[in-house]
Amino acid sequence: MKTLAIWFAKRYALSLVQDMVKAKSADVAKWAARIGVWIERFGLVAKYLATLSDRLADGELTDAEAKAALDEANALAKELTKED
């Protein structure tokens, strides 16, 4: 009996959430798009950090590597701060 009550409560809660999402579908779509943009940006940051890690793996940072890392950091900063 307890399991059945929990099942009904979960179904009811899920239907409430679904109704709220449906009622605010335009706002939900806007936020979903925003989240997608930020996921892409986090990916760019992760890619930059992986590249930087590869450059630092040998324990040295040459002038060319430092310049390239700085140029990439500037490009990343511009990409992250651009308006959508």
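Predicted model: local features only at pLDDT ≥ 70, side-chain atom pairs only at ≥ 80, totals over all residues.
Reader: Where do I start? Which secondary structure elements does the chain have?

Author: Start with the element count. The chain has three helices and zero strands. Read from the N terminus, the order is α-α-α.

Reader: How do I read the overall shape? What is the radius of gyration of the chain?

Author: Set the value against that of a compact globule. For 84 residues, such a globule would come near 12 Å. The chain has 23 Å. Then take the box around the C-alpha atoms. Along the principal axes, the box is roughly 70 × 35 × 10 Å.

Reader: Next, burial. What share of the residues counts as buried?

Author: The cut-off is a relative accessible area under 20%. By that rule, 7% of the 84 residues are buried. The accessible surface is about 7,200 Å². Carbon and sulfur atoms account for 65% of that surface.

Reader: Now the pairs. How many salt bridges does a search of the whole structure find?

Author: The search finds three. Take each pair in turn. Look at the distance, then at the place in the chain, then at the exposure of both partners.

Reader: Which residue meets Arg55 in a salt bridge?

Author: Glu72 does, with an N to O distance of 2.9 Å. Arg55 belongs to helix 2, residues 25-56, and Glu72 to helix 3, residues 63-81, so the bridge ties together parts 17 residues apart in sequence.

Reader: Is Arg55 buried or exposed?

Author: Arg55 is buried, because its relative accessible area is 16% and the cut-off for burial is under 20%.

Reader: What else does Arg55 touch, leaving out residues up to four places away in sequence?

Author: Besides Glu72, the list holds Glu60, Glu65, Ala68 and Ala69.

Reader: On to the next pair. Which residue does Asp71 meet in a salt bridge?

Author: Asp71 pairs with Lys67, at 3.0 Å from N to O. Here the spacing in sequence is the thing to read. Both residues sit in helix 3, four residues apart, so about one helical turn separates them.

Reader: How exposed are Asp71 and Lys67?

Author: Asp71 is partly exposed, with 39% relative accessibility. Lys67 is exposed, with 52%. The line between the two classes is drawn at 50%.

Reader: One pair is left. Which residue meets Lys82 in a salt bridge?

Author: Glu79 does, at 3.1 Å from N to O. Lys82 is partly exposed, with a relative accessible area of 45%. Glu79 is partly exposed as well, at 29%.

Methods
Residues numbered from 1 in each chain as written. Heavy atoms only, no water. Salt bridge = Lys/Arg side-chain N within 4 Å of Asp/Glu carboxyl O. Helix = DSSP H or I, 4+ residues; strand = E, 2+ residues; numbered from the N terminus. Buried < 20%, exposed > 50% of the residue type's maximum accessible area, 1.4 Å probe, protein only. Rg over C-alpha atoms; globule rule 2.2 N^0.38 Å. Areas by Shrake-Rupley, 256 points an atom, 1.4 Å probe, with all protein chains shown as cover. Contact = heavy atoms within 4.5 Å.
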